[in-house]
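Here are a few exercises to work through with the model open beside you. Try each task before you read its solution.

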Amino acid sequence: MSRTRQPPHLLWVKPKYNKETGKLRAKGYWAIADGPERISTGFGLEFRADAEKARLDYEVKLYAEQSAAQIVAEHGKGVRDVLVVDLIKAYLDRNKTKIEAKSPDRLRDYLNTVERLIRFWTGKTVFDINERSIAEYQNTARAGKPLSNNHAKRELQDLKSMVNSGIRKGLCELNGHIIDWELPEGSPPRIEFYSRDEIAKLIWTAYRARNMAIGGPKGHKTSVHVARFILLAVYTGSRAEVVDRARYVETDGHPWIDLERGIFFRAWKGRRVPNNKKADPVRIPEKLLAMMRRWAKEGDDFVRHNKKSGRTRKAFYSLKRRVLSKERMEQVNAHTLKHTCASWLVGLGVDYETVGIYISTTAEVVKKHYAHFAPDFHQEVIDAWKRRPHAEKKMKEKAEAEKRKKAA
């Protein structure tokens, strides 16, 4: 039985060396594998996100000559005729600008999701979307390891948006058919927090990390940018991708830090995010602001590594491995810094509404997840238990007095 042809996907082409001299003959690069063809993206190993964008452009261009509407018209618009991949491609084409505006990390994750969706649903029609095929997707979409409930639910919700978009645009007619979107039950949210000792250890470990092979007797500092990332994230409750993209000068497409007024403008013009990922301006604590004014002399980007603009995702993961136990490392991540900020502020007695504004969420969410850190948490109940012996004594005396009164 012949294998189903895979949709265009990225393939790493290894660098080539001269067998005799060991000299580099050709650099490695990301290529787009489309059947037997290998199309170079022109990007090296560290530019995976850019290569993913090139692959998306290639796919859109591949199907540009014949629109999804034409393809559907040829096959028919019924649920047994419309291919799921045609609706996916129509959605990608229609939302190309919005997709490309995602941050590098989110773009890479999204395109990986799209690749899995296309690979699995190739050859299947809208009629084939049901409880059985959805369960099969969760178990087989990722080679060697089933998707978790939360992961599968997120990817299938993306698929649902793509299919529903095609239905709204008239590419598919249900004619009374009800699509069986039996999505996995997501796990309940688990809110974790770093302790003050953990934060201190992470920061100092990052500051002291050195490569002793270079940089002279004292070595070369390798993780200062991660320490700075942790400080800004935990003291402003900002998301990791916002901190990574921050600059000291106002720039299109980047959050920026106003050092004069001490305000971190975490959103930027044209940024489109769900309500639960909003990022309003926030004041920077004075001590951190003083440090940032010194750091700004090194360059315009907040996160800088080896004198260049950098990212912290891999470096933060490596730092966790050095500092935390394996069990603890699996419980927390960079986003936990935001939860930690909220828990610290509530613990200092800041009211829920103010904390909500500071971390760009609602007072109800803050109360739900962080109330137990408040210094007056259940204080009325504790005070009531303290009053219990005295109250019971008074009640007993009152009852005895009434008893004597009746006896008289």
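**Exercise 1. How much space lies in the second largest cavity, and which residues line the second largest cavity?**

Before starting, note that this is a predicted model, in which local features need pLDDT of at least 70, side-chain atom pairs count only at pLDDT 80 or more, and totals for chains, interfaces and linings use all residues. Residues are numbered from 1 along each chain as its sequence is written, and side-chain values use heavy atoms, with hydrogens and water left out.

Step 1. The second largest cavity holds about 50 Å³ of space. A cavity here is a set of points on a 1 Å grid over the protein atoms alone where a 1.4 Å probe fits but cannot get out, and lining residues have an atom within 4 Å of a point. The volume is the space filled by probe spheres set on the points, which are joined across faces, edges and corners.

Step 2. The lining consists of Ser-103, Pro-104, Asp-105, Glu-241, Asp-244, Arg-245 and Arg-311.

Step 3. Helix 10 (240-245) and helix 5 (104-121) each give at least two lining residues, with helix 10 providing the largest share, 3 residues. (Helices are DSSP runs of H or I with at least four residues, strands are E runs of at least two, and both are numbered from the N terminus.)

**Exercise 2. Find the salt bridge partner of Arg-228 and say whether each side chain's residue is buried or exposed.**

Step 1. The partner is Glu-298, with the closest N and O atoms 3.0 Å apart. (A salt bridge is a side-chain nitrogen of Lys or Arg within 4 Å of a carboxyl oxygen of Asp or Glu.)

Step 2. Arg-228 counts as buried because its relative accessibility is 10%, whereas Glu-298 is partly exposed at 46%. (Buried means under 20% relative accessible area, exposed over 50%, partly exposed in between, with a 1.4 Å probe and protein chains only.)

**Exercise 3. Which residue in strand 9 is the bridge partner of Ile-257?**

Step 1. Strand 8 and strand 9 (residues 263-265) run antiparallel and are joined by 3 bridges. (Two strands pair if DSSP finds at least two bridges between them.)

Step 2. Ile-257 has Phe-264 as its bridge partner.

Technical notes: 1 Å grid on protein atoms, 1.4 Å probe; cavity = no way out; pocket = protein on both sides within 12 Å on 5 of 7 lines; lining within 4 Å.
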